Amino acid sequence: MKLSLEVSVESSQEWVDAVMNDFDSFLQDHANCERKASSMAMSLVAKYPNRTEIIPELIETAIEELEHFQDVYKVMEKRNIQLPHQISQDIYVKKLVDKCHSGREERFRDRLLLASIIECRGAERFRLIYEALPEGELKSFYHRLWASEAKHGNIFVKMALLYFPEDEVYARLDELNKIEGEILKELPIRAALH
């Protein structure tokens, strides 16, 4: 059983070029995204403390995302790049969350599935960055991140399947995945993860 979907719309070469042409800005955004991913996992723990079956894995995911933040920050330190003073709102994530259903159970399902889709998008983009980078430490770093993000995409679908029927999970995952592709196509190209 497949626990995640391929992205519905591939990232463009223009996006890869934007990242490669302003890698310092990309690193700042990447660091912010890792902090937000850690916070998102912990917010699910806070909002759904009765979902005891998934809390340990959510905590592990939050810690792993925080470790990714630490790793990105080390890369930034070597390049003498500071963290931005503010974490700007991620329009991509906001538009996705706006597509969540409003009922408590449906919203819980949708938040898990959106987390999967966002992680799968991250995996796709880290793979593209890995492929574009020259041999070296940075290329190896993005190879490791690519594998980790792909794993996280599976984790959130597996969590949803604990609470919702399989056909419902995959139908909604497919629907949200297509919505994500449309949102991505509308976003401006910039040196950012989303």
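Trainee: Which helix gives the most to the lining of the largest pocket?

Mentor: Helix α2 does, with 8 residues; helices are DSSP runs of H or I, at least four residues long, numbered from the N terminus. This is a predicted model, in which local features need pLDDT of at least 70 and side-chain atom pairs pLDDT 80 or more, while totals for chains, interfaces and linings use all residues. Residues are numbered from 1 along each chain as its sequence is written, and side-chain values use heavy atoms, without hydrogens or water.

Trainee: What makes a residue part of the lining of a pocket?

Mentor: A lining residue has an atom within 4 Å of a pocket point; on a 1 Å grid over the protein atoms alone, a pocket is an open set of points with protein on both sides within 12 Å along at least five of seven lines. By that rule 24 residues line the largest pocket, and Lys 36, Ala 37, Met 40, Val 93 and Ile 118 lie nearest its centre. Two or more lining residues come from each of α2, α4 (91–97) and α5.

Trainee: How do you know that the buried residues of α1 line one face?

Mentor: In α1 (residues 13–21) the buried residues are Trp 15, Val 16, Ala 18 and Val 19. Seen down the helix axis, they fall within an arc of 160 degrees, so they line one face; the arc is that of the directions from the axis to the C-beta atoms. The face turned away carries the exposed residues Gln 13, Glu 14 and Asn 21. The buried residues of α1 pack against α2 (23–47) and α5 (104–132).

Trainee: What makes Ala 191 a buried residue, and which residues does it contact?

Mentor: Its relative accessible area is 14%, and Ala 191 is therefore buried. Ala 191 lies in the segment after α7 (166–186). Contact means heavy atoms within 4.5 Å; leaving aside neighbours within four places in sequence, the contacts of Ala 191 include Ala 18, Val 19 and Asp 22.

Conventions: Buried < 20%, exposed > 50% of the residue type's maximum accessible area, 1.4 Å probe, protein only. 1 Å grid on protein atoms, 1.4 Å probe; cavity = no way out; pocket = protein on both sides within 12 Å on 5 of 7 lines; lining within 4 Å.
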